[in-house]
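Please examine the sequence and the three-dimensional model shown below. The report that follows is written for a reader who is new to protein structure.

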Amino acid sequence: QVHVEESGGGLVQAGGSLRLSCAASGSIFSINAMGWYRQAPGKQRELVAAITSGGSTNYADSVKGRFTVSRDNAKNTVYLQMNSLKPEDTAVYYCNIDLVYYSTRTRVEVWGQGTLVTVSS
């Protein structure tokens, strides 16, 4: 049984900053990668940033230079530092964790409940 808890969303003015956190708990054998997706009304869910267990990162072109993804492997936690926020960043942000269950040694992707980020102009 694995639980994922997201936090850090809120309302911020353009140019401001927010930090999102996502922590996984439960019977986890290992984590392959952790990432952040977002979905705005009427749009498809898109990858924002991801980080592997080895530390390699990947960013959407729209957030490069503004967002930074990091992780704490010991705490099974991934962070998204968002700076210079723009109104077009407004969306529900979802955490995604690619992990292996301890009991079955099977790989699965687990999603967080989502946290709303609203950027006003």
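## The chain as a whole

The model described here is predicted. The protein chain contains 0 helices and 11 strands, and reading along the sequence gives the pattern β-β-β-β-β-β-β-β-β-β-β.

Two values describe the extent of the chain. For 121 residues, a compact globule would have a radius of gyration near 14 Å, and the protein chain agrees with this because its own value is 14 Å. The C-alpha trace spans about 50 × 25 × 25 Å along the principal axes.

Of the 121 residues, 40% are buried. Among the contacts with a separation of 6 or more, 56% are between residues 24 or more positions apart.

## An open sheet of four strands

Strands of a sheet pair through backbone hydrogen bonds, and the pairing may be parallel or antiparallel. In which order do the 4 strands of the open sheet stand? The order is E1-E3-E8-E7, and the pairing is antiparallel. Strand E1 (2-7) and strand E7 (67-72) are at the edges, and each has a single partner strand, so one side of each lacks a neighbour in the sheet. On average, neighbouring strands of this sheet are turned by 15° against each other, direction ignored.

The next step leads from E3 to E8, which pair in the antiparallel sense over 6 bridges. Here Cys22 is placed opposite Val78 in E8.

Is strand E8 largely enclosed or largely open to the outside? Of its 6 residues, 5 are buried, so E8 is largely enclosed by the rest of the structure.

In a regular strand the side chains alternate between the two faces of the sheet.

## Turns and loops

E7 and E8 form a hairpin with 4 residues between them. Asn76 lies in the loop between E7 and strand E8 (77-82). Most residues other than glycine have a negative phi. Asn76, however, has a positive phi of about 50° although it is not a glycine. Ser84, in the loop between E8 and E9, likewise has a positive phi, near 50°, and is not a glycine.

A further loop residue is Ser62, which is found between strand E6 (57-59) and E7. The C-alpha atoms of Ser62 and Glu88 are separated by 9.6 Å, while the two residues are 26 residues apart along the chain.

| Residue | Relative accessible area | Class |
|---|---|---|
| Asn76 | 22% | partly exposed |
| Ser84 | 41% | partly exposed |
| Ser62 | 39% | partly exposed |

A residue counts as buried under 20% relative accessible area and as exposed over 50%. Asn76, with 22%, is therefore partly exposed.

## Aromatic pairs

A pair of aromatic rings is described by the distance of the centres and the angle of the planes. The structure holds 2 aromatic pairs. In one of them, the rings of Phe29 and Tyr102 have centres 6.5 Å apart and planes at 45°, so this pair is tilted. Which parts of the chain does the pair link? Phe29 belongs to strand E4 (residues 28-39), and Tyr102 to the loop between strand E9 (91-101) and strand E10 (107-111). The pair thus links distant parts of the chain, 73 residues apart.

Both partners are partly exposed: Phe29 has a relative accessible area of 44%, and Tyr102 has a relative accessibility of 48%.

Key:
Residues numbered from 1 in each chain as written. Predicted model: local features only at pLDDT ≥ 70, side-chain atom pairs only at ≥ 80, totals over all residues. Heavy atoms only, no water. Pairing = 2+ DSSP bridges. Helix = DSSP H or I, 4+ residues; strand = E, 2+ residues; numbered from the N terminus. Axes fitted to C-alpha atoms, helices over the stretch in contact; angles between N-to-C directions. Rg over C-alpha atoms; globule rule 2.2 N^0.38 Å. Buried < 20%, exposed > 50% of the residue type's maximum accessible area, 1.4 Å probe, protein only. Contact = heavy atoms within 4.5 Å. Phe/Tyr/Trp six-rings, centres within 6.5 Å; stacked < 30°, edge-to-face > 60°.
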